[in-house]
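Please keep the sequence and the structure in view while reading.

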Amino acid sequence: LSDPGLASIARTRSIADYVQAAGPQLERCVYMEVDVAPEAREREAQAVTTLCADTSNPLVGAVVGAPIADGTRDEFAAYARKWSANEFVKGVRQVMHVQPTGTCIREDVISKAELCGELGLVFELCMRSDELADAATLASLVPGTRFVLDHCGGHHQLTPDTPAAKRNAWCVGIEACAKAPNIWCKLSGLMGAQGGTDGASGE
């Protein structure tokens, strides 16, 4: 965080800062994992569930980072079982848009998604915009698990310069996801991250 370009985030932020920034319309909120290093996942989950237990703030639940792509089945099972026992943990996520193509339909990931359904955990999907067909495939293979598709399926990645083939892949993929009864779409990040404000194409 010594990079001058990161000066705006090179500081400690508290839940009180968030509440102040959100304004009076904030009633309740759920924490979303922030892709911490694998060795910091337990510490992140512990810190945020401790905050959830503090009724003086509006944080009521958490989606925690989990070893979905980089852990064994046994490692994931132990982690998921431990944190699903915590009343504040509602789901798990590991961002997929930095993983090799096809990661979410690997046999071990399918098995981990099945376990989430058994434990009552939501399985969050943070995908590249042109890989949503894989998300729909995963959901069809694991009908007993609830999936949440983050950032409207990566819509913010679609800038005016995005090739037509990639835009079409998003359109086809988001339609496939919309047909899946166990996928919920989260409307978030539509005008930020990779696409910037230019990602607001109106499509």
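In this predicted model, 19 residues line the largest pocket. Those nearest its centre are Arg13, Tyr31, Met32, Val34 and Val48. The space in the largest pocket amounts to about 670 Å³. Three elements, α1 (15-22), β1 (29-32) and α2 (41-53), each contribute at least two residues to this lining. The largest share belongs to α2, which supplies five residues. By residue class, the lining of the largest pocket comprises 14 nonpolar, two polar and three charged residues.

Aromatic side chains provide a second topic. The count of aromatic pairs in the model is one.

How far can the coordinates be trusted? The chain has a mean pLDDT of 92, and 93% of its residues reach 70 or more. Over residues 193-203, however, the pLDDT is below 50. In the model this stretch has 22 contacts beyond near neighbours in sequence. Where pLDDT is low, predicted coordinates should not be read in detail.

Definitions and conventions
Residues numbered from 1 in each chain as written. Predicted model: local features only at pLDDT ≥ 70, side-chain atom pairs only at ≥ 80, totals over all residues. Heavy atoms only, no water. Phe/Tyr/Trp six-rings, centres within 6.5 Å; stacked < 30°, edge-to-face > 60°. 1 Å grid on protein atoms, 1.4 Å probe; cavity = no way out; pocket = protein on both sides within 12 Å on 5 of 7 lines; lining within 4 Å. Points joined across faces, edges and corners; volume = space filled by probe spheres on them. Helix = DSSP H or I, 4+ residues; strand = E, 2+ residues; numbered from the N terminus. Nonpolar A, V, L, I, M, F, W, Y, C, P; charged D, E, K, R; others polar. pLDDT = per-residue confidence, 0-100. Contact = heavy atoms within 4.5 Å.
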